[in-house]
Amino acid sequence: RHETLHHLHKLLVQGENDFNLFGYMGSYIRTVLSVKVSAAQGKTPSGVNPYVAKKALALIPKIPQGKLPLLLRRFYEEDCKIKIGLSRPKDSLVQILFEIT
């Protein structure tokens with residue numbers, strides 16, 4: 001957990017936009033889940049760059065069973081909070097990272 005938060009803090013200190021980081025991470029979780037579902041069906045994921053799909057396939061075995069849908073749901077919930085002003089992207093990222101690490 002400490003290492004993950006350290007990397008997030010480092011990115012923010014370097015000037016990365018917290019909205020962009022939140023959006024990128026949420027999008028990547030959707031992509032990984034899409035690749036996982038497609039692979040389980042014996043299909044090639046449509047609309048996903050082959051290089052990105054290959055990296056996602058390598059990542060999938062490292063993620064505990066059932067964790068991806070829960071993680072995607074958490075990004076959706078935090079995104080809703082951000083949009084109505086109950087949270088900021090940085091705070092939502094920290095909250096999600098605490099939950100998954």
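**Helix packing and core of the predicted model**

Helices H2 and H3 are roughly perpendicular to each other (angles of 65 to 115 degrees). Their axes come within 9 Å and cross at roughly 80 degrees. H2 spans residues 18–40 and H3 spans residues 50–59. Axes are lines fitted to C-alpha atoms, for helices over the stretch in contact, with angles from 0 to 180 degrees between N-to-C directions. Helices are DSSP runs (H or I, at least four residues), numbered from the N terminus. The model is predicted: local features need pLDDT of at least 70, side-chain atom pairs count only at pLDDT 80 or more, and totals for chains, interfaces and linings use all residues. Residues are numbered from 1 along each chain, and side-chain values use heavy atoms, without hydrogens and water.

Contact (heavy atoms within 4.5 Å) links Tyr28, Thr31, Val32, Val35 and Ala39 of H2 with Val52, Ala53, Lys55, Ala56, Leu57 and Leu59 of H3. By class, nine of these residues are nonpolar, one is polar and one is charged.

The largest nonpolar core has 18 residues. Such a core joins buried Ala, Val, Leu, Ile, Met, Phe, Trp, Tyr and Cys residues through side-chain atoms within 4.5 Å. Phe22, Val35, Phe75 and Leu93 have the most contacts inside the core. H2, H3, H4 and H5 (89–100) each supply at least two residues. H2 gives the most, with six. Beyond four places in sequence, Leu93 touches Leu8, Asp18, Leu21, Phe22, Met25 and Phe75.

Glu78 lies in H4 (residues 67–83). At 2% relative accessibility, Glu78 counts as buried (under 20% relative accessible area, 1.4 Å probe, protein chains only). Leaving aside neighbours within four places in sequence, Glu78 contacts Phe22, Ser87, Ser92, Gln95 and Ile96.

Note on methods: Angles under 35 degrees count as roughly parallel, over 145 as roughly antiparallel, 65 to 115 as roughly perpendicular and the rest as oblique. Ala, Val, Leu, Ile, Met, Phe, Trp, Tyr, Cys and Pro count as nonpolar, Asp, Glu, Lys and Arg as charged, and the others, Gly among them, as polar. Buried means under 20% relative accessible area, exposed over 50%, partly exposed in between (1.4 Å probe, protein chains only).
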